[in-house]
Amino acid sequence: MKPTIVLVGRPNVGKSTLFNRLTRTRDALVADQPGLTRDRHYGIGRVGEREYLVVDTAGFDPVAKDGIMHEMARQAEQAIAEADVLLFLVDGRAGRTPHDEQIAARLRRAGRPVHVVVNKAEGLDRATVAADFHALGLGDPLPVSAAHGDGVKQLVEFVLAPF
Ligand code: GDP
Ligand code: MG
């Protein structure tokens, strides 16, 4: 069985960009408009000989109760249930937001390994970024740049090591 990595996080943090880099496809819709990818996307990633499944989710909102936001939250809950490991993406340029805090609260009771991945970290001070997101209470944040590829291979090797 291939391990399943699920990407979660609020809209516009770079989930689809990371999905595309991991799967080397343009399957996920990358948009400047937040929340455009409204469904889950599945792709196959490879590191060395090892294959894994990657799931891209729409903008994760654990509190929304109606309409499209409710549907997106439902999709995200299903994706959590499918995960062997969750990558919780945050935006290193925007810094920690209240929405990140809400998602962190949900993920702390996911019953699955969660790694905080600080995207858009190219050119940022690692120590400053790490301190900000460490406060989410989900361990040491892992900085990457999905757009440039920095840190992505190391990230996958690290999170898949236990599987
Ligand atoms: P999603 O809503 O979480 O799926 O985010 P997207 O993948 O659609 O990306 C949202 C925006 O962030 C797009 O404009 C991307 O080009 C940009 N972006 C994604 N990754 C990076 C990165 O590593 N660095 C920077 N500077 N921008 C990024
Ligand atoms: Mg997306």
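Biologist: Is Lys120 buried or exposed?
Modeller: The cut-offs use C-beta atoms placed from the backbone: 20 or more others within 10 Å is buried, 12 or fewer is exposed, and in between is partly exposed. Lys120 has 23 other C-beta atoms within 10 Å, so Lys120 is buried.

Biologist: What is known about the source?
Modeller: This is a predicted model, where local features need pLDDT of at least 70, side-chain atom pairs count only at pLDDT 80 or more, and totals for chains, interfaces and linings use all residues. Residues are numbered from 1 along each chain as its sequence is written, and chains are lettered from A and ligands numbered from 1 in the order in which they are written.

Biologist: Where does Lys120 lie, and what is its phi?
Modeller: Lys120 lies in the loop between strand 5 and helix 4. Helices (H or I, at least four residues) and strands (E, at least two) are DSSP runs, numbered from the N terminus. Most residues other than glycine have a negative phi. Lys120 has a positive phi, near 65°.

Biologist: Is Ala127 buried or exposed?
Modeller: Ala127 sits in helix 4, residues 126-134. Ala127 has 8 C-beta neighbours inside 10 Å, so Ala127 counts as exposed.

Biologist: Which element has the highest mean pLDDT?
Modeller: pLDDT is the predictor's confidence in each residue, from 0 to 100. Helix 2 (residues 67-82) has the lowest mean, 76. The highest mean, 98, belongs to strand 5.
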